[in-house]
Amino acid sequence: MHRARSRAFRFIMIAGAAFAAGSCSKDDIPTTPPGPFLFTDVAVSKFVTPPTTSVLHPNTPYVVRFSVNYTLDPDTDAQRSLYAVYADVAEFDANDSLISAIGFIPSPPPPLTAASGVISDSISFTVPASGTPYIRLIAGVALRTDPTFFFRRGPRWTVN
(Lines give C-alpha, C1' and ligand atoms only; values in the text may rest on other atoms or scores of the structure.)
Protein backbone atom coordinates (compact mmCIF):
# COMPACT_ATOMS: atom_id res chain seq x y z
CA MET A 1 0.00 0.00 0.00
CA HIS A 2 2.78 2.40 0.93
CA ARG A 3 4.62 1.65 -2.32
CA ALA A 4 1.49 2.39 -4.42
CA ARG A 5 1.01 5.76 -2.69
CA SER A 6 4.65 6.76 -3.18
CA ARG A 7 4.47 5.84 -6.89
CA ALA A 8 1.27 7.86 -7.32
CA PHE A 9 2.83 10.81 -5.49
CA ARG A 10 6.00 10.58 -7.60
CA PHE A 11 3.90 10.44 -10.81
CA ILE A 12 1.91 13.53 -9.75
CA MET A 13 5.12 15.45 -8.94
CA ILE A 14 6.75 14.52 -12.27
CA ALA A 15 3.60 15.38 -14.24
CA GLY A 16 3.29 18.71 -12.41
CA ALA A 17 6.93 19.59 -13.08
CA ALA A 18 6.58 18.69 -16.76
CA PHE A 19 3.45 20.83 -17.05
CA ALA A 20 5.13 23.78 -15.30
CA ALA A 21 8.21 23.52 -17.51
CA GLY A 22 6.09 23.30 -20.65
CA SER A 23 3.86 26.24 -19.74
CA CYS A 24 6.70 28.74 -19.17
CA SER A 25 8.62 30.38 -21.95
CA LYS A 26 12.31 31.15 -21.62
CA ASP A 27 11.47 34.88 -21.25
CA ASP A 28 9.19 34.21 -18.28
CA ILE A 29 12.02 33.19 -15.97
CA PRO A 30 15.01 35.54 -15.70
CA THR A 31 18.18 33.51 -15.42
CA THR A 32 21.73 34.32 -14.46
CA PRO A 33 24.37 32.87 -16.77
CA PRO A 34 27.19 30.86 -15.20
CA GLY A 35 30.44 32.69 -14.39
CA PRO A 36 32.69 34.20 -15.44
CA PHE A 37 30.30 37.06 -16.08
CA LEU A 38 31.04 38.86 -19.33
CA PHE A 39 28.51 41.67 -19.05
CA THR A 40 26.44 43.59 -16.56
CA ASP A 41 22.78 42.87 -17.13
CA VAL A 42 19.40 42.82 -15.43
CA ALA A 43 16.22 40.91 -16.18
CA VAL A 44 12.91 42.07 -14.75
CA SER A 45 10.54 39.24 -13.99
CA LYS A 46 7.26 39.17 -15.88
CA PHE A 47 5.63 37.86 -12.71
CA VAL A 48 4.61 41.07 -10.94
CA THR A 49 1.76 42.28 -8.76
CA PRO A 50 -0.62 43.69 -9.87
CA PRO A 51 -0.75 41.41 -12.93
CA THR A 52 -0.04 43.09 -16.25
CA THR A 53 -3.57 42.26 -17.36
CA SER A 54 -4.80 44.84 -14.83
CA VAL A 55 -5.83 48.26 -16.17
CA LEU A 56 -4.53 51.10 -13.98
CA HIS A 57 -6.56 54.26 -13.41
CA PRO A 58 -5.36 57.91 -13.20
CA ASN A 59 -5.04 59.48 -9.73
CA THR A 60 -5.10 56.03 -8.12
CA PRO A 61 -2.33 54.73 -5.82
CA TYR A 62 -0.78 51.31 -6.50
CA VAL A 63 2.00 49.14 -5.11
CA VAL A 64 4.04 47.11 -7.62
CA ARG A 65 5.84 44.05 -6.30
CA PHE A 66 8.65 42.75 -8.50
CA SER A 67 11.94 40.88 -8.80
CA VAL A 68 15.08 41.93 -10.67
CA ASN A 69 17.74 39.35 -11.52
CA TYR A 70 21.20 40.92 -12.02
CA THR A 71 24.61 39.73 -13.21
CA LEU A 72 27.81 41.78 -12.98
CA ASP A 73 30.75 41.77 -15.35
CA PRO A 74 34.25 41.38 -13.79
CA ASP A 75 34.98 45.15 -13.80
CA THR A 76 31.72 46.02 -12.07
CA ASP A 77 32.03 43.08 -9.68
CA ALA A 78 35.50 44.29 -8.61
CA GLN A 79 33.80 47.48 -7.34
CA ARG A 80 30.36 46.05 -6.48
CA SER A 81 30.04 48.00 -3.21
CA LEU A 82 29.82 51.16 -5.36
CA TYR A 83 26.86 49.80 -7.37
CA ALA A 84 23.19 49.13 -6.74
CA VAL A 85 20.18 47.81 -8.63
CA TYR A 86 17.73 50.62 -9.37
CA ALA A 87 14.11 50.13 -10.32
CA ASP A 88 11.52 52.73 -11.31
CA VAL A 89 7.91 52.83 -12.27
CA ALA A 90 7.71 55.17 -15.24
CA GLU A 91 5.28 56.71 -17.70
CA PHE A 92 5.69 55.72 -21.35
CA ASP A 93 3.98 57.10 -24.43
CA ALA A 94 2.34 55.10 -27.23
CA ASN A 95 5.76 54.79 -28.99
CA ASP A 96 7.24 53.18 -25.84
CA SER A 97 9.39 56.26 -25.14
CA LEU A 98 10.12 57.21 -21.54
CA ILE A 99 8.22 60.28 -20.31
CA SER A 100 9.14 60.37 -16.61
CA ALA A 101 9.72 58.23 -13.52
CA ILE A 102 6.86 58.31 -11.02
CA GLY A 103 8.04 55.83 -8.37
CA PHE A 104 11.35 54.26 -7.37
CA ILE A 105 13.08 52.02 -4.86
CA PRO A 106 13.90 54.16 -1.80
CA SER A 107 17.12 56.03 -2.36
CA PRO A 108 19.86 55.09 -1.99
CA PRO A 109 19.35 51.38 -2.48
CA PRO A 110 21.80 49.12 -0.65
CA PRO A 111 25.14 48.31 -2.30
CA LEU A 112 25.43 45.02 -4.16
CA THR A 113 27.00 42.25 -2.11
CA ALA A 114 27.29 39.48 -4.73
CA ALA A 115 28.27 39.10 -8.39
CA SER A 116 24.73 38.00 -9.20
CA GLY A 117 21.45 37.76 -7.40
CA VAL A 118 17.80 38.62 -7.23
CA ILE A 119 16.43 41.81 -5.71
CA SER A 120 12.76 41.63 -4.74
CA ASP A 121 11.06 44.81 -3.60
CA SER A 122 7.98 46.95 -4.06
CA ILE A 123 7.34 50.48 -5.27
CA SER A 124 4.40 52.67 -4.27
CA PHE A 125 3.20 55.18 -6.85
CA THR A 126 0.15 57.11 -7.99
CA VAL A 127 -0.82 57.02 -11.67
CA PRO A 128 -0.65 60.60 -12.97
CA ALA A 129 -3.72 62.27 -14.44
CA SER A 130 -1.74 63.15 -17.58
CA GLY A 131 -3.42 60.56 -19.78
CA THR A 132 -0.22 58.55 -20.31
CA PRO A 133 -1.16 55.31 -22.08
CA TYR A 134 1.31 53.01 -20.28
CA ILE A 135 3.03 52.53 -16.96
CA ARG A 136 6.12 50.33 -17.09
CA LEU A 137 8.59 48.87 -14.60
CA ILE A 138 12.23 49.51 -15.54
CA ALA A 139 15.46 48.45 -13.83
CA GLY A 140 19.23 48.72 -14.20
CA VAL A 141 22.57 48.58 -12.40
CA ALA A 142 24.24 51.94 -11.68
CA LEU A 143 26.76 53.67 -9.45
CA ARG A 144 25.16 54.55 -6.12
CA THR A 145 26.53 58.10 -6.42
CA ASP A 146 24.99 58.58 -9.87
CA PRO A 147 21.74 56.63 -10.31
CA THR A 148 21.47 57.46 -14.01
CA PHE A 149 21.30 54.07 -15.62
CA PHE A 150 20.71 52.24 -18.85
CA PHE A 151 17.51 50.45 -18.07
CA ARG A 152 15.93 47.21 -19.08
CA ARG A 153 12.22 47.50 -19.79
CA GLY A 154 9.98 45.27 -17.73
CA PRO A 155 6.28 44.58 -17.80
CA ARG A 156 3.78 47.33 -18.56
CA TRP A 157 0.24 48.22 -17.61
CA THR A 158 -2.36 50.07 -19.67
CA VAL A 159 -3.81 53.22 -18.16
CA ASN A 160 -7.48 54.02 -18.70
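**A sheet, a core and a salt-bridge network**

Buried residues account for 32% of the 160 residues in the protein chain. The structure described here is a predicted model, and its secondary structure comprises two helices and eight strands. Read from the N terminus, the elements follow the order α-β-β-β-α-β-β-β-β-β. Among the contacts with a separation of 6 or more, 72% join residues 24 or more positions apart.

The mean pLDDT of the protein chain is 78, with 74% of the residues reaching 70 or more. Helix 1, covering residues 2-23, has the lowest confidence, with a mean of 49, whereas strand 2 has the highest, at 91. Over residues 17-26 the pLDDT stays under 50, and the model has two contacts beyond four places in sequence for this stretch.

Five strands make up an open sheet in the order 2-8-7-4-5, with mixed pairing. Strand 2 (55-56) and strand 5 lie at the edges with a single partner strand each, so one side of each has no neighbour in the sheet. Strands of a sheet are held in pairs through backbone hydrogen bonds, in either a parallel or an antiparallel sense. Strand 4 and strand 7 (residues 134-143) are paired in the antiparallel sense over ten bridges, and Ala90 has Arg136 of strand 7 as its bridge partner. On its pairing with strand 5 (residues 98-104), strand 4 forms five bridges, again in the antiparallel sense; here Asp88 has Phe104 as its bridge partner. Strand 7 also pairs with strand 8 in the antiparallel sense, over five bridges, and Ile135 finds its bridge partner in Trp157 of strand 8.

How many of the ten residues of strand 4 are buried? Ten of the ten residues of this strand (residues 83-92) are buried, so strand 4 is largely enclosed by the rest of the structure. Both of its faces are covered: Tyr83, Val85, Ala87, Val89 and Glu91 are buried on one side, and Ala84, Tyr86, Asp88, Ala90 and Phe92 are buried on the other.

Asp88 is buried yet takes part in no salt bridge, and the nearest side chain of opposite charge, that of Arg136, is 12 Å away. Leaving aside residues up to four places away in sequence, Asp88 touches Ala101, Gly103, Phe104, Ile123, Arg136, Leu137, Ile138 and Phe149.

The next topic is the nonpolar core. The largest one has 25 residues, of which Leu56, Phe66, Phe125, Leu137 and Val141 touch the most other members. At least two residues of this core come from each of strand 1 (41-44), strand 3 (61-71), strand 4, strand 6 (116-126), strand 7 and strand 8 (152-159). Strand 3 contributes the most, with five residues. Leu56 touches Pro50, Tyr62, Phe125, Val127, Ile135, Trp157, Thr158, Val159 and Asn160, not counting residues up to four places away in sequence. Val141 is found in strand 7 and has a relative accessibility of 17%, so this residue counts as buried. Between Val141 and Thr71 there are 9.1 Å in space, C-alpha to C-alpha, and 70 residues in sequence.

Charged side chains bring the picture together. The structure holds three salt bridges. In one of these, the side chains of Arg80 and Asp77 meet at 2.7 Å, N to O. Arg80 counts as partly exposed at 25% relative accessibility, and Asp77 counts as partly exposed at 21%.

Which residues are linked in a network of salt bridges? Asp96, Arg136 and Arg153 are the residues linked in this way. The side chains of Arg136 and Asp96 meet at 3.1 Å, N to O. This pair links distant parts of the chain, with Arg136 in strand 7 and Asp96 in the loop between strand 4 and strand 5, 40 residues apart. The side chains of Asp96 and Arg153 meet at 3.2 Å, N to O. This pair, too, links distant parts of the chain, for Arg153 belongs to strand 8 and is 57 residues apart from Asp96. Arg136 is buried, with a relative accessible area of 10%, whereas Asp96 is partly exposed at 22% and Arg153 is partly exposed at 38%. Asp96 also takes a positive phi near 65° in the hairpin of strand 4 and strand 5, which has five residues between the strands.

Notes
Residues are numbered from 1 along each chain as its sequence is written. This is a predicted model: local features need pLDDT of at least 70, side-chain atom pairs count only at pLDDT 80 or more; totals for chains, interfaces and linings use all residues. Side-chain values use heavy atoms; hydrogens and water are left out. Buried means under 20% relative accessible area, exposed over 50%, partly exposed in between (1.4 Å probe, protein chains only). Helices (H or I, at least four residues) and strands (E, at least two) are DSSP runs, numbered from the N terminus. Two strands pair if DSSP finds at least two bridges between them. A nonpolar core is a set of buried Ala, Val, Leu, Ile, Met, Phe, Trp, Tyr and Cys residues joined through side-chain atoms within 4.5 Å. Contact means heavy atoms within 4.5 Å. pLDDT is the predictor's confidence in each residue, from 0 to 100. Lys and Arg count as positive and Asp and Glu as negative; His and the chain ends are not counted. A salt bridge is a side-chain nitrogen of Lys or Arg within 4 Å of a carboxyl oxygen of Asp or Glu.
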